[in-house]
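Student: Please take a close look at the charged side chains in this model. I would like to know how they pair and where they sit.

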Amino acid sequence: MQIDSLVIAGIRIYMQSRFQINQTYNDIGGTSSFRTLSGKLIKQTHWEGFSTSISGTGLLPAPIRNIDKTVPLTLDCIAPMSELTSGSLLFTIPRVIRPDVDIEVSAIVGDDIFEAEFSIVGNDVTITAIADADDYIITYYPRMTVFILDVQDTSDINERVFSWSIECEEELA
């Protein structure tokens with residue numbers, strides 16, 4: 001699973017020497033909670049999605065300042081997500097997969113982790129069984145459709161180091 005760049009709105013931001021990119025995913029959603037007469041808490045979820053924070057530091061400023069924040073954009077993420085299959089050999093990845101990076105499947109056997117063979121059609125993964133595997137973990141890089149909420153740039157002219165950050169929220173259907 002080799003990844004060399006973050007791509008947002010078709011703009012490729014390469015990882016280079018002395019360049020670091022971090023990405024964080026956060027759950028967001030429309031939820032409400034209420035209590036019954038007996039005091040039992042009931043939580044209702046109306047919708048769920050992700051927000052993501054991406055930041056980087058490098059020798060060049062990232063070309064992100066003029067990205068259109070008024071329209072939904074494609075984000076090819078740099079941080080992986082994973083799904084636990086709980087022993088099943090058939091699994092559907094619930095998100096759009098970044099097309100330029102391969103997925104990986106790992107088998108958990110006791111305290112050991114082994115690479116597992118698999119086939120994939122669309123988002124449907126069929127895993128080749130490994131003897132005594134307790135679970136399988138599918139790791140992939142998502143492609144998200146997002147709105148950019150905020151962009152920040154910082155420059156340290158003396159050290160010639162440039163920092164930036166982007167805050168995004170997933171567009172939901």
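Tutor: What follows covers the salt bridges and then a charged surface patch.

This is a predicted model, in which local features need pLDDT of at least 70, side-chain atom pairs count only at pLDDT 80 or more, and totals for chains, interfaces and linings use all residues. Residues are numbered from 1 along each chain as its sequence is written, and side-chain values use heavy atoms, with hydrogens and water left out.

A salt bridge here is a side-chain nitrogen of Lys or Arg within 4 Å of a carboxyl oxygen of Asp or Glu. By this rule there are five salt bridges.

One of them joins Arg 143 and Asp 76, with N to O at 2.6 Å. The two residues lie 67 residues apart and link distant parts of the chain, with Arg 143 in strand 13 (residues 143-156) and Asp 76 in strand 5 (residues 73-76). Strands (E, at least two residues) are DSSP runs, numbered from the N terminus. For exposure, buried means under 20% relative accessible area, exposed over 50%, and partly exposed in between (1.4 Å probe, protein chains only). Arg 143 is therefore partly exposed at 32%, whereas Asp 76, at 5%, is buried.

Another salt bridge pairs Arg 95 with Glu 170, N to O 2.3 Å. This pair also links distant parts of the chain: Arg 95 is in the loop between strand 7 and strand 8, Glu 170 is in strand 14 (residues 161-170), and they are 75 residues apart. Arg 95 is buried because its relative accessibility is 16%, and Glu 170 is buried because its value is 17%.

Asp 100 forms a salt bridge with Arg 98, where the closest N and O atoms are 2.7 Å apart. Through shared partners, salt bridges join Arg 12, Arg 98 and Asp 100 into one network. Within it, Arg 98 is buried at 1% relative accessibility, while Asp 100 is partly exposed at 41%.

On the surface, Asp 102, Glu 104, Glu 115 and Glu 117 gather in a patch of negative charge. Patch members have over 30% relative accessible area and no salt bridge, and like charges are joined within 9 Å. Asp and Glu count as negative, and the place of a charge is taken as CG of Asp or CD of Glu. Asp 102 lies in the loop between strand 7 (90-92) and strand 8 (104-109). With 61% relative accessibility, Asp 102 counts as exposed.

How values were computed
Patches are made of residues with over 30% relative accessible area and no salt bridge: like charges are joined within 9 Å, nonpolar side chains (Val, Leu, Ile, Met, Phe, Trp, Tyr) within 5 Å. Accessible areas come from the Shrake-Rupley method with a 1.4 Å probe; for residues, only the protein chains shown count as cover. Helices (H or I, at least four residues) and strands (E, at least two) are DSSP runs, numbered from the N terminus.
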